[in-house]
Amino acid sequence: MPLFPRSLLVGAVVLTMATTAQATTELTVYTAVESDDLQKYAERFNEAHPEVEINWVRDSTGVITARLLAEKNNPQADMVWGLAATSLLVLEEEGMLSRYAPESVEVLDSKFIDPAMRNGQDPAWVGMDAWVASICYNTIEGERLGVPRPSSWGDLTRPEYEGHVIMPNPSSSGTGYLDVVNWMQLWDEQGGWDYMDRLHQNIARYTHSGSAPCNLAASGEAVVGISFAFRGARLKSQGAPLELVFPEEGVGWDMEAAAIIEGTDNRQAAETLLDWAVTEQANALYNEGYAVVAYPGVAQPIENYPENITELMVEPDFHWAANHRERLLSEWQRRYDGKSDSQ
Amino acid sequence: MIAGASSWPARLSGESLIRLLALLLALGLLVVGLLFPLAAMLIKSVQDRAGDFIGLANFARYVQTPALAGSIVNSLTVALTSTVIVVSLAFLCAYGITRTCMPGKRLFRMLATLPILAPSLLPAISLVYLFGNQGWFREALMGESIYGPIGIVMGMCFWIFPHALMLLVTALANSDARLYEAAEALGTPKWRSFLTITLPGARYGLISCAFVVFTMAITDFGVPKIIGGQFSVLATDVYRQVVGQQNFQMGAVVSVILLAPALVSFAVDRWIQRRQVAQLSARAVPWQPSPSPLRDWTFAALCYGVAAIILTVIGTAIYASLVQFWPYDLTLTLQHYAFEALAGGGWTAWFNSLTLAFSVATIGTLVIFFNAWLIEKSDGYRALRQGLHFLAMLPMAVPGMVLGLAYIFFFNQPDNPLNWIYGTLIILVLNTLVHFYTVCHLTSVTALKQLDPEFEAVGASLKVPFWTTFRRVTLPVSLPAVLDISIYLFVNTMTTVSAVVFLYTSDTRLASVAVMHLDEAGYFASAAAMAVLIFFTSLAVKLAHATISYLLLTRAQHWRQAS
């Protein structure tokens, strides 16, 4: 047992905070936000609120989700900032999210808010931005190996792609999972499995993270990486010989969202962060990487993204995706796990 | 005089009580740090998610899932292949060092220890640059992929080689020149005396070495994690089940399976150690090789070939960490060392690793050596001391992944009074200390066995409390061993990934774990940079340590002479 009960410690902290206004609170935030952006997110937030210090715990979507679920009885996180909505819905189902309506949350596009708010409840989570699937195609290696640029999901199952396609493992990667959900929405569930069976023939590896396929395509380890637009656009700006392909059947997307974890000891700081996470400044920050954000009118076009991206986005059924997550993933594992990276 | 005599037994029993308490503390450390967590893990493997007992159902499910059960064969295949390659190669090199007059032995031995200073993730990263789809030597694989068994075996060979070499040099160093002289006098051909004298003389060392290599290969996590691709092995399965899917029950099942080969090889090793007694009689005359240019240069070529491979692998990692955008933009840059912009903790993680390594080296050395001394040099409590010795030998048989996972099960229970250390640096110190306990314990025991038991007897008869004898006599005299232990602990703590990967938190991120995370997220150059950073840190500390050892030992020598 610790020497002091937790409540006493919290009391002491509150007291200290009352006397010294600038005392900092440490907030443990679980996230799946791309790691090259974490520092930027914390800095922008700290410009407005230097009194809250963020301790990031970052991993791929599936890992963070699984970790939160595993810690259910002894939560280590105060907050989630930047995790797939499909995952947050699972957490909500488990009663792990604490409802809170951030200041002026109603300004946001209603698609980006927990639908419970329409029924007069405080939202359990609020959306930040949409991250969109995309194919990263290495033009140099494509030409060298005679692998043409794909233009549709269907193309990837053609024999010339055999051994040249890399995709994220949906168990660990949110990007991988949104692809699976998208294919099932395009061709219904059985059609989705049929497609993946054929695709599986051509897959070289299933990677741990959603950005890895694009990174591997960028470094010439693969020709085609099924990944997401953000990573592809950024690698292209860094000089990678990539072309971003948005398959003509339509691309899946998931929403990054934020929420407070039930039972946090740092409720006040968590609310401060959530308040900030829905502001116009925060959404401008999200827009630096993502073309579609929750705050209406903020989004500016991003380098290397197609202008018509919203037309290509297939509206996902988040609830269906969340409710069937465990079943789909275990079926996926049963079928294809042999080609997964040891994650 | 009478007063003195009457206080003598009282004093002794007081001291004896303290000794008993110290022994019990040592027992407590190993029970809490090893036995309880392992027990918690065993229990977990026969429970369902809700924590109800379900017998062997988890194991049945394991066997029925081909993706999981296949890993057993995979693990055995790569471990056996690595063992054959490493042991043969290390035997040849050790032979070159001990039985030939090849030039540059010292230099070769120095170069051959370099892989120990790097995390096992480093060779794996280098291999991608050497043999990956864009690698310089990709044609050498003749169309085979480096991601898989080939890469795993190559990576393992790289980082296990130094361990095997050290063991075999020791095994071959003891030789009796009289046997060779007799053979020569009888006109026995060279190959025959090799088969009938050299090999039998080194057989225990060879078998023991083979088992150590096999255990390291089957339990290693870093190499298959980076370069295993779709080829899964037991160690990566534990990680995937636990971190990827948070399926702790299945993680526990795989751990139990992973524990089996390690335990077998542990038992065999113990059995061999017991048989290997007095190989070398006191009258043996050490054998000195005489020059033979052809043989000497052949072995020199072989050894320097190995050294060149080692330097190439390390050099590749350094190069990889400096290239702007491999393979399309080869300008050099230091930007990949700017970890702060990336997740994984960056320089903070490096600093955490340093703190941890120094803590483990300091605390571990003192605790393990003191415990070994208690076990070795105490009278009475025979059963307790034997039990402690067995417990001290056990960590060698427990793979890092298993120990790390076992710690989660044991320490993360809300009703565990030690729950508060979960998520702190303390649990990492405890875990790492226990993980590397055995080798340190053995080093201590070997050093202590060389000390005359008279020291304790004289101390006792002079009525000096035992801790004073320990502090004033035993510790300084055993300084070389103590220093060896501390650097062993430091370097291993710096480079280990397997156990700590389950135990770090946002405040206690470690550099070795950061390498893995950077690689997972696709920042290959930064992953290489972090691995290189660990390598140079270990190297710098090792050099500093060598200097300090030299100075301290000269002083210790002086102290010996002065007294």
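Visitor: Where is the place of A:Ser104 in chain A?

Guide: A:Ser104 sits in the loop between strand 4 (97–98) and strand 5 (126–138) of chain A. Helices (H or I, at least four residues) and strands (E, at least two) are DSSP runs, numbered from the N terminus. Before we go on, this is a predicted model: local features need pLDDT of at least 70, side-chain atom pairs count only at pLDDT 80 or more, and totals for chains, interfaces and linings use all residues. Residues are numbered from 1 along each chain as its sequence is written, while chains are lettered from A and ligands numbered from 1 in the order in which they are written.

Visitor: What phi does A:Ser104 have?

Guide: Most residues other than glycine have a negative phi, and most peptide bonds are trans. A:Ser104 is not a glycine, yet its phi is positive, about 45°.

Visitor: Which residues does a cis peptide bond join in chain B?

Guide: B:Trp326 and B:Pro327 are joined that way, with omega about 0°. You will find B:Pro327 in the loop between strand 1 (323–325) and strand 2 (329–332) of chain B.

Visitor: How many helices and strands are there in chain A?

Guide: Chain A has 13 helices and 11 strands. Its radius of gyration is 21 Å, close to the 20 Å that the globule rule gives for 343 residues, so chain A is as compact as a globular protein of that length. That radius is taken over C-alpha atoms, and the rule is 2.2 Å times the number of residues to the power 0.38.

Visitor: Which domains is chain A divided into?

Guide: Domain 1 covers 6–130 + 254–305, and domain 2 covers 132–252 + 322–339; such bounds come from an automatic or database domain assignment. Taken over C-alpha atoms, the centres of domain 1 and domain 2 of chain A are 28 Å apart. Their contact takes 19 residues from domain 1 and 20 residues from domain 2 of chain A, where two residues are in contact if their C-beta atoms, placed from the backbone, lie within 7 Å. On the domain 1 side, helix 4 of chain A gives the most, with four residues.

Visitor: How do helix 8 and helix 11 of chain B pack, and at what angle?

Guide: Two packed helices are described by the angle between their axes and the distance between the axes. Helix 8 (residues 190–219) and helix 11 (residues 248–275) of chain B pack at about 165°, with axes 10 Å apart. Axes are lines fitted to C-alpha atoms, for helices over the stretch in contact, and angles run from 0 to 180 degrees between N-to-C directions. Helix 8 of chain B is therefore roughly antiparallel to helix 11 of chain B (under 35 degrees counts as roughly parallel, over 145 as roughly antiparallel, 65 to 115 as roughly perpendicular and the rest as oblique). Residues making this contact include B:Phe211 of helix 8 and B:Val268 of helix 11 of chain B.

Visitor: What about helix 13 and helix 16 of chain B: at what angle do they pack?

Guide: Helix 13 (residues 346–377) and helix 16 (residues 425–435) of chain B meet at about 55°, their axes 9 Å apart. These two helices of chain B are therefore oblique to each other.

Visitor: How many residues does the contact take from chain B and from chain A?

Guide: That contact takes 40 residues from chain B and 43 residues from chain A. On the chain B side, helix 10 of chain B gives the most, with five residues.
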